[in-house]
Amino acid sequence: MSTLDVARKDFLDVRRSKIVWFVAGLYAFFMILMIYFGQTNVPNPDIKTALRNLTGIGAMFIPLIALVSAYLAIAGERESGGVKYLLSIPNSRRDVVFGKYLTRAAVVTISILAAFLLSAGFAVRWYPSLEIETFVGVAVLTVLYALTYIAVAIGISAATASRSRAMGGAIGFFFVTNVLNLFGPLRLAINYVLNDLAGLDIAGNQIMFVQSVLSPTASYVNATDLVFPDSFRAVQSDVPWFLEGEMMVAILLGWIVVPIVLGLWRFERADLS
């Protein structure tokens with residue numbers, strides 16, 4: 001067997017996960033709701049305003065969809081003993097990790113794109129213009145954002161030997177990089193550690209860059225300037241190069257690679273007996 005064989009087998013299992021489809025359906029519901037109210041609350045409805053508001057909804061919901069779909073992908077198999085069957089077929093441990101990632105990435109991508117297509121159908125009826133380039137741009141960035149949290153979940157799942165540890169790792173990562181980021185404490189903590197404790201006298205833009213490196217959510221929110229060129233940050237002339245949208249996309253791509261590599265490194269050295 002191979003990576004694709006593992007992915008095909010895993011797809012048959014994950015597609016029956018009701019919790020994944022429930023969270024994805026909830027995200028689609030809120031997307032439609034935001035688009036609906038976006039066209040009723042202003043005299044001249046603009047889909048860009050609704051889509052900008054949707055990035056805030058996506059910043060919270062997308063990690064939940066991704067983590068729920070993937071955090072037990074390998075840890076659950078290790079605890080039940082199913083991973084030994086996968087490795088005896090035979091598959092390499094790398095095949096298992098990459099195959100699981102492909103499956104969960106495909107399921108989450110399908111659910112997100114379905115939500116965007118459904119929302120686009122309503123937007124065509126409710127708005128004078130769909131602004132297709134902006135719509136597609138937000139969809140692409142949102143899928144990329146989801147892929148980062150799937151990579152994190154797979155990395156955690158590969159590095160842990162039980163469901164409880166995988167769940168604890170996923171919840172902890174979500175709380176620190178998402179909840180604390182969206183509500184402000186993460187930035188305050190970074191500033192306290194680097195400036196108050198270390199005395200580095202780092203400027204606000206540099207603090208924001210560190211925050212973006214530590215949090216895929218921060219990178220995603222900052223990257224949306226690429227599809228909203230009239231946003232406040234995007235029209236500023238003094239935005240440093242390391243905070244531009246392209247750099248944020250590069251950071252998101254790094255968040256796809258690094259967790260999987262680290263998880264695979266731990267998984268290949270784990271004793272499965």
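Visitor: What makes Leu26 part of a helix, and which one?
Guide: In this predicted model, Leu26 sits in helix H2, which spans residues 18-40.

Visitor: Why is Leu26 called partly exposed?
Guide: Its relative accessible area is 30%. Buried means under 20% and exposed means over 50%. The 30% of Leu26 lies in between, so Leu26 is partly exposed.

Visitor: What is known about residues 20-38?
Guide: UniProt, in an unreviewed entry, lists a "transmembrane region" at several places, including 20-38 and 247-267. Over residues 20-38 the model's chain is 100% helix and 0% strand, with the end C-alpha atoms 27 Å apart. For residues 247-267, the chain is again 100% helix and 0% strand, and the end C-alpha atoms are 30 Å apart.

Visitor: Which residues have the most contacts inside the largest nonpolar core?
Guide: Tyr27, Tyr101 and Ile150 do, in a core of 75 residues. Among the helices that each supply at least two residues of this core are H2, H3 (47-70) and H6 (93-126). H7 gives the most, with 17 residues.

Visitor: How do you know that Ile150 is in contact with Tyr101?
Guide: Contact means heavy atoms within 4.5 Å. Leaving aside neighbours within four places in sequence, the contacts of Ile150 are Ala66, Ala70, Tyr101, Arg104, Ala105 and Val108. Tyr101 is in that list, so the pair meets the cut-off.

Technical notes. Residues are numbered from 1 along each chain as its sequence is written. This is a predicted model: local features need pLDDT of at least 70, side-chain atom pairs count only at pLDDT 80 or more; totals for chains, interfaces and linings use all residues. Side-chain values use heavy atoms; hydrogens and water are left out. Helices (H or I, at least four residues) and strands (E, at least two) are DSSP runs, numbered from the N terminus. Buried means under 20% relative accessible area, exposed over 50%, partly exposed in between (1.4 Å probe, protein chains only). A nonpolar core is a set of buried Ala, Val, Leu, Ile, Met, Phe, Trp, Tyr and Cys residues joined through side-chain atoms within 4.5 Å. UniProt positions are given in the numbering used here, feature names are shortened, and annotations may be inferred rather than shown by experiment.
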